[in-house]
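Student: I have a protein model open and would like to learn how to read it. Could we go through a few features together?

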Amino acid sequence: MIRLNDITGKVLTYHPRADIQLIEKAYVYSAKVHEGQVRLSGEPYLSHVMEAAYILAQMKMDVVCVAAGMLHDTLEDTSATPEEIERLFGAETLRIVDGVTKISKLKFNSAQERQAENVRKMILAMSTDIRVILVKLADRLHNMSTLRFQPPEKQRRIAEETLDIYAPIAGRMGINWIKSSLEDTCLYYLEPAAYEQIQNTITSKKEERDHFINEVIQMLSDKAKEWDIRCSIKGRHKHFFSIFRKMKQQNLDISQVYDVLAFRIIVDTVRDCYAVLGNVHSIWKPVQGRIKDYISVPKQNMYQSLHTTVVGPYGKRMELQIRTWDMDKVAEEGIAAHWKYKENGVSGVADEKQLSWVRQLMEWQQSLQDPVQFLESVRMDLFPNEVYVFTPKGEVKEFPMGATPVDFAYSIHSEVGEKCTGARINGRMVPLRYKLRNGDIVEIITSPKAHPSKDWVGFVKTSRAKTKIRQWVQNQERQESIRLGREILERCLHQDHIAIPNLLKSEQLGAVARELSFRSAEDILVQIGLGRVSAKQVLGRLRPKVVDEKEDKSEGIVAKVVDLLKRRREPLGIEVTGISDMLVRYAQCCHPIPGDRVIGFITRGRGVSVHRENCPAIIDSAPERLVPVNWSPPKDEVFPVILRVTSVERKGLLADVSAVITQKDANISKAEIQTTMDKKGISFFTIEVKNNRQLQEIIASIRKVKEVLIVERI
């Protein structure tokens, strides 16, 4: 187990004048609040935060960051409060600890939504202080080393999340040793058979491989003396995950993967890098298409190196990376290599460059509320696999592999993307689906009458392009929904003899929108147009507001209406307490059925309308219009009910749900199904039931159908 002296001693090696009292204070506090807590491994919980703090010290982080690493679980897992952390350790430490803390007090509809919001919160925090993500990576790195103590299902879930989010973030930050460690551990839990196969193959050939590595190093060292270049040469087998990825991408067996060995040549100057590359190619044949120059065009995480794959001794393929000492430090430590200890904790210019992608990510994701879309966009930004192209003026732009001219257009400006009609690549016209290649010169052709196509979402690769296209499409769909919603509501108002001149500016509709938790009249029209809110439900709330403005409340309306509307009619299954011979009807906004708690509402000109007691249409009604009613339904009478079933989209689901309803002796009078953008199915069933008991049995049975997520009565 890591000790306090190990951490403070490590910090003092790279910053001899560091104020380690803050770390010591954090250790005492963390030990106190975590007292009695034990990890699944049986170790005291304190051991985890100590390991995380030590990893941060290995990354040469400042005192505040190391202290935050020791405190990173206090807000989430102990009785510690933000106010106490700030008072004892300062606002800067609190900002980092809070940025790492998961959102645990809010309710979410799904685990994916919770994951999305936690990632969103973390990215927002790291966009203002990079140390948030460094603490999170240290936390995740140690958690992965103890993942064997978790149940298998949780092992897989955590490994998938790590491979999707945290390993790529480590790569984007340029911290390759953390990225490689996370990826290899994930492979162990997600593909145990492949991991064991790779491990056995490498272990069985260890002696042969070590001999080959030493032979190549000696050969290169001798040649370097001839070239008069001072250098250091290292050799190793590639990480397990990189070998597995190649096997999967090229559909190879481990025995067919030849370039599993990598050599690193570290020299003094950039000039020496290119000299070594030329000399290496003079003695070993390079593999076409495997030469990459990340020195002249660095990666977005500031990684610089020359890469080449050659056919070496005995016909074996091997990869060589050629870089300077400074480049090597950046390649291994990433942004941590640029961290300069400052009393005020402000990051330097180099950090700002590396964080630019984080700020872009936040800018592009602010409008994405759907958790599936958000996580998809994050993953896209974390797996760039770059291609470099040029503007007509010679500016270099970086895109993920497979990017198109549409991605290029949106990278210039969203208006250029929206008006894009075509592109010229290297002077010739190409389709918008064309995949950009290294060195392409891209020119975008626009038209003021053009607009995005929904199909573009299927082939663009950048998060920015996808987000902007979806925003445009959603805005167009919103305008269409407003138009349709207004038509539906105006038709209902006309049938009810209610006139509202301008619905969008109507104060009454605005008030109804707020009652139903919408921001504006426009929002409620959208929901009516999409079929998510019933126009009759809105009408039920609008009616009293409109009529109350036109009529004097002191005229004794109720008495007049009762006298006017009394008439003979056949029994409807409802008894109105204290009133006989009254016209009675069931409200269409809430569809009451026997067994529901109901109440009567005396309408103007149409007798008593029977509502469920919690119906939104009558909650704010005048008390004098409400009358008690009781159920007395005929034996064979049935009542309509609307059910909304949300499910994962799959073939045969509609038939399965229909079969369940039929088995429960209920008739389906209407069925509709819609598919959302995130591949969910929303089905609406209008069924006829005898009472609430039968309805609850049907709902319970539908919930047991495979892939059904939510069943609601509308």
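Student: Is F390 buried or exposed, or partly exposed?

Tutor: This is a predicted model, so keep that in mind as we go. The general idea is to look at relative accessible area: under 20% is buried, over 50% is exposed, and in between is partly exposed. F390 has 30% relative accessibility, so F390 counts as partly exposed. You will find F390 in strand β7, which spans residues 386-390.

Student: Which residues form a nonpolar patch on the surface with F390?

Tutor: V396 and I441 do. Together with F390 they have about 220 Å² of accessible area.

Student: And what about V610, buried or exposed?

Tutor: Use the cut-off again: buried means under 20%. V610 has a relative accessible area of 0%, so V610 is buried. Its place is in strand β15, residues 608-612.

Student: Which residues does V610 touch?

Tutor: Leaving aside residues up to four places away in sequence, V610 touches I574, V584, R585, Y586, A587, P592, V598, I599 and V629. Take V584 from that list: V584 and V610 are 26 residues apart along the chain, while their C-alpha atoms are separated by 7.3 Å.

Student: Now helices. At what angle do α11 and α12 pack?

Tutor: Helix α11 (residues 176-190) and helix α12 (residues 192-204) pack at about 120°, and their axes are 5 Å apart. That angle makes α11 oblique to α12.

Student: Which residues meet there?

Tutor: From α11 come D184, L187, Y188, Y189 and L190, and they meet P192, Y195 and I198 in α12.

Definitions and conventions
Residues are numbered from 1 along each chain as its sequence is written. This is a predicted model: local features need pLDDT of at least 70, side-chain atom pairs count only at pLDDT 80 or more; totals for chains, interfaces and linings use all residues. Side-chain values use heavy atoms; hydrogens and water are left out. Patches are made of residues with over 30% relative accessible area and no salt bridge: like charges are joined within 9 Å, nonpolar side chains (Val, Leu, Ile, Met, Phe, Trp, Tyr) within 5 Å. Accessible areas come from the Shrake-Rupley method with a 1.4 Å probe; for residues, only the protein chains shown count as cover. A salt bridge is a side-chain nitrogen of Lys or Arg within 4 Å of a carboxyl oxygen of Asp or Glu. Helices (H or I, at least four residues) and strands (E, at least two) are DSSP runs, numbered from the N terminus. Buried means under 20% relative accessible area, exposed over 50%, partly exposed in between (1.4 Å probe, protein chains only). Contact means heavy atoms within 4.5 Å. Axes are lines fitted to C-alpha atoms, for helices over the stretch in contact, and angles run from 0 to 180 degrees between N-to-C directions. Angles under 35 degrees count as roughly parallel, over 145 as roughly antiparallel, 65 to 115 as roughly perpendicular and the rest as oblique.
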